Amino acid sequence: MRLSCAAAVTAIVLSVGTPVFAQQAPVQDNAEMAAIFAADQAVRQNLTPDFFKDRALVTEMINGDAARRVQTRALLDAGALQTGEDYRAAAFVFQHGSTPEDYLLAHSLAVAAVSKGSPEGAWIAAATLDRYLQMTDKPQIYGTQTRKTRDAPATLEPYDRALVPDSLRTVFGVPPQSEQDARLAAVNAAAEAAAAKP
(Lines give C-alpha, C1' and ligand atoms only; values in the text may rest on other atoms or scores of the structure.)
Protein backbone atom coordinates (compact mmCIF):
# COMPACT_ATOMS: atom_id res chain seq x y z
CA MET A 1 0.00 0.00 0.00
CA ARG A 2 2.75 2.43 0.96
CA LEU A 3 4.71 1.63 -2.19
CA SER A 4 1.73 2.22 -4.44
CA CYS A 5 0.95 5.56 -2.72
CA ALA A 6 4.57 6.65 -3.11
CA ALA A 7 4.53 5.57 -6.75
CA ALA A 8 1.31 7.50 -7.34
CA VAL A 9 2.72 10.66 -5.70
CA THR A 10 5.93 10.34 -7.72
CA ALA A 11 3.93 9.94 -10.92
CA ILE A 12 1.89 13.05 -10.13
CA VAL A 13 4.98 15.10 -9.26
CA LEU A 14 6.74 14.00 -12.42
CA SER A 15 3.77 14.76 -14.63
CA VAL A 16 3.16 18.19 -13.11
CA GLY A 17 6.62 19.20 -11.98
CA THR A 18 8.61 18.44 -15.13
CA PRO A 19 9.12 21.70 -16.98
CA VAL A 20 8.24 21.79 -20.63
CA PHE A 21 10.95 23.58 -22.59
CA ALA A 22 9.35 25.55 -25.35
CA GLN A 23 11.39 26.16 -28.44
CA GLN A 24 12.41 29.77 -28.70
CA ALA A 25 11.49 31.54 -31.89
CA PRO A 26 14.51 32.69 -33.88
CA VAL A 27 15.49 36.30 -33.23
CA GLN A 28 14.25 38.57 -35.99
CA ASP A 29 16.18 41.43 -37.58
CA ASN A 30 15.19 44.79 -36.14
CA ALA A 31 12.78 46.41 -38.61
CA GLU A 32 13.71 49.95 -37.55
CA MET A 33 17.41 49.25 -38.08
CA ALA A 34 16.62 47.75 -41.48
CA ALA A 35 14.73 50.92 -42.46
CA ILE A 36 17.58 53.16 -41.29
CA PHE A 37 20.06 51.10 -43.31
CA ALA A 38 17.80 51.21 -46.39
CA ALA A 39 17.67 55.01 -46.14
CA ASP A 40 21.46 55.17 -45.71
CA GLN A 41 21.97 53.11 -48.86
CA ALA A 42 19.27 54.87 -50.90
CA VAL A 43 21.10 58.20 -50.57
CA ARG A 44 24.20 56.56 -52.03
CA GLN A 45 22.62 54.93 -55.07
CA ASN A 46 24.12 56.16 -58.33
CA LEU A 47 26.30 58.87 -56.81
CA THR A 48 28.25 60.77 -59.44
CA PRO A 49 31.02 63.37 -59.13
CA ASP A 50 28.42 66.01 -60.04
CA PHE A 51 26.47 65.17 -56.89
CA PHE A 52 29.37 66.42 -54.76
CA LYS A 53 29.40 69.72 -56.64
CA ASP A 54 25.90 70.48 -55.38
CA ARG A 55 26.52 71.82 -51.86
CA ALA A 56 22.83 71.64 -50.91
CA LEU A 57 22.63 67.93 -51.76
CA VAL A 58 25.86 67.16 -49.92
CA THR A 59 24.66 69.06 -46.84
CA GLU A 60 21.34 67.20 -46.95
CA MET A 61 23.19 63.86 -47.10
CA ILE A 62 25.50 64.81 -44.21
CA ASN A 63 22.55 65.91 -42.06
CA GLY A 64 20.65 62.72 -42.89
CA ASP A 65 23.70 60.63 -42.01
CA ALA A 66 23.96 62.38 -38.64
CA ALA A 67 20.27 61.77 -37.88
CA ARG A 68 20.62 58.08 -38.82
CA ARG A 69 23.60 57.75 -36.47
CA VAL A 70 21.53 59.21 -33.62
CA GLN A 71 18.69 56.74 -34.35
CA THR A 72 21.12 53.82 -34.59
CA ARG A 73 22.90 54.77 -31.37
CA ALA A 74 19.54 54.85 -29.58
CA LEU A 75 18.78 51.32 -30.80
CA LEU A 76 22.24 50.15 -29.76
CA ASP A 77 21.97 51.71 -26.30
CA ALA A 78 18.50 50.18 -25.83
CA GLY A 79 19.81 46.70 -26.64
CA ALA A 80 17.52 46.53 -29.66
CA LEU A 81 20.20 45.22 -32.03
CA GLN A 82 20.25 41.44 -31.81
CA THR A 83 21.20 39.81 -35.10
CA GLY A 84 24.27 39.81 -37.29
CA GLU A 85 22.31 41.79 -39.87
CA ASP A 86 21.33 44.40 -37.26
CA TYR A 87 24.98 44.93 -36.36
CA ARG A 88 26.13 44.92 -40.00
CA ALA A 89 23.55 47.57 -40.90
CA ALA A 90 24.58 49.68 -37.89
CA ALA A 91 28.24 49.37 -38.95
CA PHE A 92 27.43 50.86 -42.35
CA VAL A 93 25.56 53.75 -40.76
CA PHE A 94 28.54 54.64 -38.57
CA GLN A 95 30.97 54.04 -41.45
CA HIS A 96 29.29 57.10 -42.99
CA GLY A 97 30.17 59.17 -39.94
CA SER A 98 32.56 62.07 -39.62
CA THR A 99 34.88 61.33 -36.69
CA PRO A 100 37.44 58.65 -35.82
CA GLU A 101 35.11 57.58 -33.00
CA ASP A 102 32.32 56.96 -35.54
CA TYR A 103 34.63 54.69 -37.55
CA LEU A 104 35.93 52.88 -34.48
CA LEU A 105 32.36 52.20 -33.33
CA ALA A 106 31.52 51.09 -36.89
CA HIS A 107 34.40 48.62 -36.70
CA SER A 108 33.19 47.26 -33.35
CA LEU A 109 29.68 46.86 -34.77
CA ALA A 110 31.07 45.02 -37.81
CA VAL A 111 33.03 42.64 -35.58
CA ALA A 112 29.83 42.03 -33.61
CA ALA A 113 28.03 41.29 -36.90
CA VAL A 114 30.57 38.62 -37.76
CA SER A 115 30.42 37.13 -34.26
CA LYS A 116 26.61 36.99 -34.60
CA GLY A 117 26.93 34.98 -37.79
CA SER A 118 26.91 37.56 -40.59
CA PRO A 119 29.49 36.55 -43.21
CA GLU A 120 28.77 39.83 -45.03
CA GLY A 121 30.01 41.65 -41.92
CA ALA A 122 33.61 40.68 -42.70
CA TRP A 123 34.07 43.21 -45.52
CA ILE A 124 32.66 46.11 -43.50
CA ALA A 125 34.94 45.08 -40.61
CA ALA A 126 37.95 45.56 -42.90
CA ALA A 127 36.59 48.78 -44.42
CA THR A 128 35.79 50.38 -41.07
CA LEU A 129 39.27 49.63 -39.75
CA ASP A 130 40.83 51.11 -42.88
CA ARG A 131 38.75 54.26 -42.55
CA TYR A 132 39.58 54.58 -38.85
CA LEU A 133 43.28 54.25 -39.65
CA GLN A 134 43.03 56.92 -42.37
CA MET A 135 41.21 59.31 -40.08
CA THR A 136 43.93 58.92 -37.44
CA ASP A 137 46.70 59.64 -39.99
CA LYS A 138 47.82 56.04 -40.34
CA PRO A 139 47.96 53.99 -43.55
CA GLN A 140 45.11 51.64 -44.33
CA ILE A 141 45.96 47.93 -44.30
CA TYR A 142 43.31 46.20 -46.43
CA GLY A 143 43.00 48.65 -49.32
CA THR A 144 39.25 49.29 -49.12
CA GLN A 145 39.41 53.10 -49.14
CA THR A 146 40.06 55.23 -52.20
CA ARG A 147 40.88 58.90 -51.81
CA LYS A 148 40.34 61.53 -54.46
CA THR A 149 41.32 65.15 -54.24
CA ARG A 150 40.21 67.72 -56.75
CA ASP A 151 43.23 67.88 -59.05
CA ALA A 152 44.94 64.54 -58.35
CA PRO A 153 44.16 61.01 -59.48
CA ALA A 154 42.35 58.67 -57.10
CA THR A 155 44.68 56.78 -54.79
CA LEU A 156 44.73 54.06 -52.16
CA GLU A 157 47.63 55.78 -50.39
CA PRO A 158 48.65 55.94 -47.65
CA TYR A 159 48.52 52.13 -47.70
CA ASP A 160 50.66 49.67 -45.75
CA ARG A 161 50.71 46.95 -48.38
CA ALA A 162 53.05 44.64 -46.45
CA LEU A 163 51.16 44.10 -43.17
CA VAL A 164 48.19 42.06 -44.42
CA PRO A 165 48.71 39.32 -47.02
CA ASP A 166 46.21 38.79 -49.81
CA SER A 167 45.17 35.51 -48.19
CA LEU A 168 43.85 37.50 -45.21
CA ARG A 169 42.21 40.06 -47.49
CA THR A 170 40.32 37.15 -49.06
CA VAL A 171 39.01 36.10 -45.64
CA PHE A 172 37.50 39.58 -45.32
CA GLY A 173 36.04 39.59 -48.82
CA VAL A 174 38.56 42.21 -49.98
CA PRO A 175 40.13 41.84 -53.45
CA PRO A 176 43.87 41.14 -53.70
CA GLN A 177 46.21 44.06 -54.26
CA SER A 178 46.63 43.32 -57.99
CA GLU A 179 42.87 43.59 -58.49
CA GLN A 180 42.69 46.75 -56.37
CA ASP A 181 45.42 48.34 -58.50
CA ALA A 182 43.68 47.34 -61.74
CA ARG A 183 40.38 48.81 -60.55
CA LEU A 184 42.09 52.03 -59.48
CA ALA A 185 43.83 52.33 -62.86
CA ALA A 186 40.47 51.87 -64.61
CA VAL A 187 38.84 54.55 -62.44
CA ASN A 188 41.64 57.01 -63.16
CA ALA A 189 41.63 56.22 -66.88
CA ALA A 190 37.87 56.83 -67.04
CA ALA A 191 38.29 60.12 -65.16
CA GLU A 192 41.03 61.23 -67.55
CA ALA A 193 38.92 60.34 -70.56
CA ALA A 194 35.96 62.26 -69.15
CA ALA A 195 38.13 65.30 -68.42
CA ALA A 196 39.56 65.26 -71.95
CA LYS A 197 36.13 65.49 -73.58
CA PRO A 198 35.24 69.01 -74.79
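Biologist: At what angle do the axes of helix α4 and helix α5 cross?

Modeller: This is a predicted model in which local features need pLDDT of at least 70, side-chain atom pairs count only at pLDDT 80 or more, and totals for chains, interfaces and linings use all residues. Residues are numbered from 1 along each chain as its sequence is written, and side-chain values use heavy atoms, leaving out hydrogens and water. Helices are DSSP runs of H or I with at least four residues, numbered from the N terminus, and here α4 spans residues 84–95 and α5 residues 100–115. Their axes (lines fitted to C-alpha atoms over the stretch in contact, with angles from 0 to 180 degrees between N-to-C directions) come within 8 Å and cross at roughly 160°.

Biologist: Are α4 and α5 roughly parallel or antiparallel to each other?

Modeller: Angles under 35 degrees count as roughly parallel and those over 145 as roughly antiparallel. The axes of α4 and α5 cross at roughly 160°. The two helices are therefore roughly antiparallel.

Biologist: Which residues of α5 does α4 meet?

Modeller: Contact means heavy atoms within 4.5 Å. From α4, the residues involved are Gly 84, Tyr 87, Arg 88, Ala 90, Ala 91, Phe 94 and Gln 95. On the α5 side they meet Asp 102, Tyr 103, Leu 105, Ala 106, Leu 109, Ala 110, Ala 112 and Ala 113.

Biologist: Are α4 and α6 roughly parallel or antiparallel to each other?

Modeller: α4 packs against α6 at an angle of about 25°, and the axes are 10 Å apart. Arg 88, Ala 91, Phe 92 and Gln 95 of α4 meet residues of α6 that include Trp 123, Ile 124 and Arg 131. With that angle, α4 and α6 are therefore roughly parallel.

Biologist: Which helix gives the largest share of the lining of the largest pocket?

Modeller: A pocket is an open set of points on a 1 Å grid over the protein atoms alone where a 1.4 Å probe fits, with protein on both sides within 12 Å along at least five of seven lines; lining residues have an atom within 4 Å of a point. The largest pocket has 44 lining residues, and Phe 52, Arg 131, Thr 146, Arg 147 and Lys 148 lie nearest its centre. Two or more residues each come from α3 (55–77), α4, α6 (121–135) and α8 (177–196). The largest share, eight residues, comes from α8.

Biologist: Where does Pro 158 lie?

Modeller: The peptide bond from Glu 157 to Pro 158 is cis, and its omega is near -5°. Asp 137, which has a positive phi of about 60° although not a glycine, is placed in the loop between α6 and α7. Pro 158 lies in the loop between α6 and α7 (166–171).

Technical notes:
Parallel < 35°, antiparallel > 145°, perpendicular 65-115°, else oblique.
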